[in-house]
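Let's walk through this one together, a stretch at a time. Keep the sequence and the model open as you read.

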Amino acid sequence: MKHYSAFAVAREALRYHTGWERAWRSPEPKKRYDVIIIGAGGHGLATAYYLGKNYGIQNVAVIEKGWLGGGNTGRNTTIIRSNYLQDPSAAIYEKARGLYEDLSQDLNYNIMFSPRGVIMLAQTQHEIRGYQRTAHANALQGVKTEWIGPERVKELVPIINLDGPRYPVLGGLWQERGGTARHDAVAWGYARACSAMGMDIIQQCEVTGVRSQDGRVVGVDTTKGAIDCDKLGIVVAGHSGQLAEMAGFRLPLEAVALQALVSEPIKPCMDVVVMANTVHGYMSQSDKGEMVIGGGTDGFNNFTQRGSFHHIEETVRALVETFPMISRLKMLRQWGGIVDMTGDRSPILSKTPLGGCFINCGWGTGGFKAIPGSGWGMAQLMATGHSPLTEAFSLDRFKEGRFIDESVAAGVAH
Amino acid sequence: MLILNCPYCGVDAEETELAAGGEAHLKRFGPGSSDDEFHDYLFMRENPKGVHFERWRHANGCGKWFHAARCTNTLEVFGTYTAQTSEPPQDIKDAIAAKRPGWTWREFS
Ligand SMILES: Cc1cc2nc3c(=O)[nH]c(=O)nc-3n(C[C@H](O)[C@H](O)[C@H](O)COP(=O)(O)OP(=O)(O)OC[C@H]3O[C@@H](n4cnc5c(N)ncnc54)[C@H](O)[C@@H]3O)c2cc1C
Ligand SMILES: [Zn+2]
């Protein structure tokens, strides 16, 4: 792998950019790998990367049915924060946020991490109490957040309307080092680094079956033939239920569509991320100037990556009250992703009933921010059989009643 | 937009008139059941990529709960039927089997 640097840009400028090489190889699958990861989204690629980097396990394949980063990783609104309430969540999301800080250097790939700050607006008395509680919990967890009043909100977001008739802004939970990153670049950066370690990223190859012997996984069937492995990681977000069925177990989750949309580009007007959880809407401005808008999930099971129009209509209607200036913006694009929602709205990172087979799923509407931390913990779990980061997120927590109930705690996702 | 026919009032209701209520035909388990049964009842959903049976309420209409058979992969609706039943009526099963050869009730999707 050739190193990216200012010097490389200058060198290539002098020779008509003929010296750039492909960022990753596109090999045909080998007969056997030590580890196979299914799904080349951010979580699968990060898992492979830290398996190689932290544990020296480099005979690894990442198998992807479409193109890498084409699932939810390339469809999300890129909000990064770690202001959760429950300790296990704070630990893994803050680990991830910390890794994002110098991920560009680590991967030698500009993922455009922009810690511009995230505000979660309190628009009801209930939210005021909830966020103050979260701020106290974060202080104990060592996650830097702060409760701020409406004046400070207005200072940070001049375009906001504090006294909307239905949804007044009463304050907010502020995380200064939260922000955004470029989603594609996160997938591409990890993919390039994995490929440089000699790992195979096999795109356009769908896993169609999981092969096992005496209760242990021995390989997978794919559209490019059978491939053997010692250990298997299933990291396929919305399709986790289908892969689990192939591996002979079931998962406590359901797949639904989550949508987002962007406006025409306008001049810089908002340099923080604002989330309004009461109305299920949030917004940030991309580097291109587009307002990036997202909302809540659609109501019913869906695998089509298309959502219902009235959901985005509701989101935008509510946001217009809080940001009157967006009312005349044209919306350019709208899209959907299939997110995997668990009963307690927390992810599953776990061993499974099939020996040697691990699963990482259930990130639902909010897993982009977690990619580095999830990969870190998942690699530890797969390499050593145990990880303090993932322990609380095991599959058996539902049977044991050990929920990590962020749905009640945070009241929202993303 | 999803359009479902309410079997009670006969109206073709569009999604904004309806409230989704999750998977249909769950068997309830309560006190006295095993841990596994209770766990499955609370958390395990079929979540098929394909034929799905679900509960809907005609919320901004007659207000009644009914059932729908729908494909989560194509958004095709096979039919709707009343909620006073523990499994889909034969005509709904036939309609699904005609369009999804090989499909059988409770062979998930
Ligand atoms: C509209 C939207 C907005 C969001 N906003 C945010 C946000 O602001 N902040 C945040 O933190 N999170 C957000 N999320 C959530 C976030 O996108 C996801 O949690 C995260 O990207 C999941 O990553 P992943 O790697 O697990 O899954 P994915 O990126 O979906 O990757 C899974 C991959 O598995 C592949 N696959 C599936 N089946 C097979 C098979 N049989 N064989 C081979 N490959 C297979 C798929 O093709 C896919 O590429 C949002 C999601 C959506 C949809
Ligand atoms: Zn009705």
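A:Tyr16 lies in the loop between α1 and β1 (32-38) of chain A. Before going on, some housekeeping: residues are numbered from 1 along each chain as its sequence is written, and chains are lettered from A and ligands numbered from 1 in the order in which they are written. This is a predicted model, in which local features need pLDDT of at least 70, side-chain atom pairs count only at pLDDT 80 or more, and totals for chains, interfaces and linings use all residues. Helices (H or I, at least four residues) and strands (E, at least two) are DSSP runs, numbered from the N terminus.

Phi of A:Tyr16 is positive, near 55 degrees, in a residue other than glycine. Is A:Tyr16 buried or exposed? It is exposed, because 7 other C-beta atoms lie within 10 Å. The scale here calls a residue buried if 20 or more other C-beta atoms lie within 10 Å of its own, exposed if 12 or fewer, and partly exposed in between, with C-beta atoms placed from the backbone. The helix that A:Tyr16 follows is α1(A). This helix, residues 6-14, is hardly covered itself: among its nine residues, the count of buried ones is zero.

Now move to α2(A), and take its packing partners in turn. Two packed helices are described by the angle between their axes and the distance between the axes. Axes are lines fitted to C-alpha atoms, for helices over the stretch in contact, and angles run from 0 to 180 degrees between N-to-C directions. With helix α10 (residues 371-384) of chain A, α2(A) packs at an angle of about 55 degrees, the axes being 7 Å apart. That makes α2(A) oblique to α10(A); angles under 35 degrees count as roughly parallel, over 145 as roughly antiparallel, 65 to 115 as roughly perpendicular and the rest as oblique. The crossing of these two, α2(A) and α10(A), is right-handed. As for handedness, a crossing is left-handed if the near helix is turned anticlockwise from the far one by less than a right angle, and right-handed if clockwise.

Which residues do the meeting? On the α2(A) side they include A:His43, A:Thr47, A:Leu51 and A:Tyr55, and on the α10(A) side A:Pro372, A:Trp376, A:Met378 and A:Ala383 are among them. The residues of this contact divide into twelve nonpolar, six polar and no charged. In that sorting, Ala, Val, Leu, Ile, Met, Phe, Trp, Tyr, Cys and Pro count as nonpolar, Asp, Glu, Lys and Arg as charged, and the others, Gly among them, as polar.

A:Ala383 deserves a stop of its own. This residue of helix α10 counts as partly exposed, because it has 17 C-beta neighbours inside 10 Å. Leaving aside neighbours within four places in sequence, A:Ala383 is in contact with A:Leu51, A:Tyr55 and A:Ile57; contact means that the two C-beta atoms, placed from the backbone, lie within 7 Å.

The other partner to look at is helix α7 (residues 183-196) of chain A, where the axes of α2(A) and α7(A) come within 9 Å and cross at roughly 35 degrees. This crossing of α2(A) and α7(A) is left-handed. A:Leu45, A:Ala48 and A:Gly52 are among the α2(A) residues that meet α7(A), whose own contributors include A:Val186, A:Tyr190 and A:Cys194. By class, the contact has ten nonpolar, two polar and no charged residues.

Helix α2(A) turns up again at the ligand. Along with β12 (253-263) and β16 (331-342) of chain A, α2 (42-55) supplies at least two residues of the shell around ligand 1. In total 40 residues surround ligand 1, and the closest are A:Gly39, A:Gly41, A:Gly71, A:Gly337 and A:Gly367. Sorted by class, the shell has 14 nonpolar, 21 polar and five charged residues. A residue is near a molecule if its C-beta atom, placed from the backbone, lies within 6 Å of it.

How many residues of chain B are in contact with chain A? The count is 18, against 19 residues of chain A. On the chain B side, α1 (35-43) and β4 (51-57) each supply at least two residues, and α1(B) gives the largest share, four residues. That side divides into seven nonpolar, six polar and five charged residues. Across in chain A, A:His310 sits in helix α9 (residues 309-322) and, beyond neighbours within four places in sequence, is in contact with B:Glu15 and B:Thr16.
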